[in-house]
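Please read it alongside the sequence and the coordinates.

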Amino acid sequence: MYQVKHGGCMTENAKRSVEHKNLMAFYRKKAGLTQSDLGELLGRCYTGIGHFERDIRTITLDFAREVVAAFNKKGVDCTVDDVFPSLK
């Protein structure tokens with residue numbers, strides 16, 4: 001779905017093409033998590049995670065922080081602004 005090169009880093013073109021969307025799926029995959037894995041960590045079902053990733057459901061700032069904390073615990077260095085640029 002996203003263009004990835006050089007150890008899981010997004011290219012600038014890929015970043016520009018998805019600026020209006022959240023990057024939850026990109027960072028989830030970078031953390032080595034499935035939707036089910038992330039759902040279990042956050043107390044949500046995998047379908048809910050998919051809805052957030054596809055912007056079907058609107059994410060709250062509090063839940064965005066929980067998502068980013070889960071990615072950080074898995075060793076992925078990111079912020080809410082990185083994962084959810086539309087929340088700026």
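Rings of Phe, Tyr and Trp are taken to pair if their centres lie within 6.5 Å, with planes over 60 degrees apart counting as edge-to-face, under 30 as stacked and the rest as tilted. By that criterion the structure, which is a predicted model, holds two aromatic pairs.

**Aromatic pairs**

- Phe26 and Tyr27 form an edge-to-face pair, because their ring planes stand at 85° with the centres 5.1 Å apart; both Phe26 and Tyr27 are buried.
- The pair of Phe52 and Phe63 is tilted, with 40° between the planes and 4.9 Å from centre to centre, and it links distant parts of the chain, since Phe52 belongs to helix H4 (residues 46-53) and Phe63, 11 residues apart from it, to helix H5 (residues 61-73).
- Phe52 and Phe63 are both buried, and Arg44 lies over the face of Phe63, at 4.1 Å from the ring centre.

**Nonpolar core**

- The largest nonpolar core has 22 residues, and those that touch the most other members are Met24, Tyr27, Leu38, Val67, Phe71, Val83 and Phe84.
- At least two residues of this core come from each of H2, H3, H4, H5 and helix H6 (80-83), while H5 gives the most, with six residues.
- Leaving aside residues up to four places away in sequence, Tyr27 touches Phe71, Val76, Cys78, Asp82 and Val83.

**Helix H3**

- In helix H3 (residues 35-42) the buried residues are Leu38, Gly39 and Leu42, and they lie on the same side of H3 because they cover an arc of only 100° around the axis.
- These buried residues of H3 pack against helix H2 (24-30), H4 and H5.
- Gly43 follows H3 and has a positive phi, near 70°.

**Salt bridges**

- The count of salt bridges comes to two, where the rule asks for a side-chain nitrogen of Lys or Arg within 4 Å of a carboxyl oxygen of Asp or Glu.
- One of them joins Glu53 to Arg28, with the closest N and O atoms 2.5 Å apart; it links distant parts of the chain, Glu53 in helix H4 and Arg28 in helix H2, 25 residues apart, and both Glu53 and Arg28 are buried.
- Arg65 forms a salt bridge with Asp62, the closest N and O atoms being 3.6 Å apart, and these two residues of helix H5 are separated by about one helical turn because they are three residues apart.
- Arg65 is partly exposed, with a relative accessible area of 47%, whereas Asp62 is exposed, with a relative accessible area of 51%.

Note on methods. Residues numbered from 1 in each chain as written. Predicted model: local features only at pLDDT ≥ 70, side-chain atom pairs only at ≥ 80, totals over all residues. Heavy atoms only, no water. Phe/Tyr/Trp six-rings, centres within 6.5 Å; stacked < 30°, edge-to-face > 60°. Buried < 20%, exposed > 50% of the residue type's maximum accessible area, 1.4 Å probe, protein only. Helix = DSSP H or I, 4+ residues; strand = E, 2+ residues; numbered from the N terminus. Lys NZ or Arg CZ within 6 Å of the ring centre and 35° of its normal. Arc of directions from axis to C-beta. Contact = heavy atoms within 4.5 Å. Core = buried A, V, L, I, M, F, W, Y, C linked by side-chain atoms within 4.5 Å.
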